[in-house]
Amino acid sequence: MRRFLLFAAVIVICISSFFFYQYHVQQKVANTEQMFEVVMAEKMRELYDQAQDWSKPVQMNVHDDRLSGDYKLMSEFLLNYWMQNVEARNHYLRQLKAANWDTFLDVERLDQDRQQAYKDTEQMLREVRKISTEYERKRQQIQTDSLEQAKSLAIHNEMRKSLQVKLEHNLKVDKAHDIFPIEQQIIEKAQAMFDMLKTYPWQKQDKMILFQETIQVKKFNNLYQDVLRLNAKMEKIKKSNVEVLDEEL
């Protein structure tokens with residue numbers, strides 16, 4: 001009888017130890033997941049704040065001693081992915097600034113450039129198109145490379161699958177909130193306006209462009225209004241993106 005009670009006691013102790021161990025493991029996983037979310041939120045906020053000043057390259061340490069193992073690898077992978085995207089975008093903006101794209105419709109500049117057959121404006125448009133093409137290529141390369149790297153990331157299989165799903169979801173979200181196609185529409189509108197400036201006589205008056213024919217004035221103004229609407233659309237998307245980020249963080 002005593003042997004039976006001793007045996008039963010051993011079984012109870014083993015079962016209790018097993019459940020205690022399971023609870024400890026589950027609690028550790030939960031704490032690790034929670035810390036992963038905390039670290040990601042902090043780092044993404046830091047990255048977002050840096051991204052606002054596109055005049056400077058992004059510099060952020062993706063390593064964090066609060067994480068280890070699979071969660072550390074996944075955190076660093078995601079942060080590197082977002083850093084590449086942000087820096088590609090900011091590099092693109094710096095190049096547009098260097099090409100003086102923000103002065104395209106400056107009437108004084110256009111009036112002076114007219115005297116040399118619009119040499120500077122022609123060069124500006126060529127450069128802007130080249131910059132845009134390179135940026136689009138870079139974006140696609142980052143996405144393709146990241147999806148491939150995620151497939152072989154040395155983390156638990158279920159986490160790797162979750163990471164791939166997250167990346168693919170982000171790509172779909174990016175397309176829905178992407179202002180780059182709108183910027184390309186603005187380039188086309190700018191080209192159409194420039195074609196009019198080269199084709200029809202115009203004069204400068206109080207920082208305004210005046211054409212001789214009413215139909216020309218109307219066409220040019222319509223193009224300009226289109227640019228304003230596209231700019232407003234971009235600002236709305238930017239604001240929406242910020243709101244979504246704030247909700248996630």
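**Exercise 1.** Is Asn 100 buried, partly exposed or exposed? Locate it and describe its backbone as well.

Solution. This is a predicted model.
- Step 1: The relative accessibility of Asn 100 is 40%.
- Step 2: Asn 100 sits in the loop that links helix H2 (69–98) and helix H3 (107–114).
- Step 3: Asn 100 is not a glycine, yet its phi is positive, at about 60°.

**Exercise 2.** Is Asp 206 buried or exposed? Find its place in the chain and check its phi.

Solution. 
- Step 1: Asp 206 has 66% relative accessibility. The cut-off for exposed is over 50%, so Asp 206 counts as exposed.
- Step 2: The loop between strand S1 (202–205) and strand S2 (208–211) holds Asp 206.
- Step 3: Phi of Asp 206 is positive, about 50°, although Asp 206 is not a glycine.

**Exercise 3.** How are H2 and H4 oriented, roughly parallel or roughly antiparallel? State which residues meet.

Solution. 
- Step 1: Two packed helices are described by the angle and the distance between their axes.
- Step 2: The axes of H2 and helix H4 (residues 119–151) come within 10 Å and cross at roughly 175°.
- Step 3: Angles over 145 degrees count as roughly antiparallel, so H2 is roughly antiparallel to H4.
- Step 4: The H2 side of the contact includes Phe 77, Tyr 81, Arg 89 and Leu 96. Among the H4 residues they meet as a group are Val 128, Ile 131, Lys 138 and Ala 150.
- Step 5: By class, the residues of this H2–H4 contact are 10 nonpolar, 7 polar and 2 charged.

Methods: Residues numbered from 1 in each chain as written. Predicted model: local features only at pLDDT ≥ 70, side-chain atom pairs only at ≥ 80, totals over all residues. Heavy atoms only, no water. Helix = DSSP H or I, 4+ residues; strand = E, 2+ residues; numbered from the N terminus. Buried < 20%, exposed > 50% of the residue type's maximum accessible area, 1.4 Å probe, protein only. Axes fitted to C-alpha atoms, helices over the stretch in contact; angles between N-to-C directions. Parallel < 35°, antiparallel > 145°, perpendicular 65-115°, else oblique. Contact = heavy atoms within 4.5 Å. Nonpolar A, V, L, I, M, F, W, Y, C, P; charged D, E, K, R; others polar.
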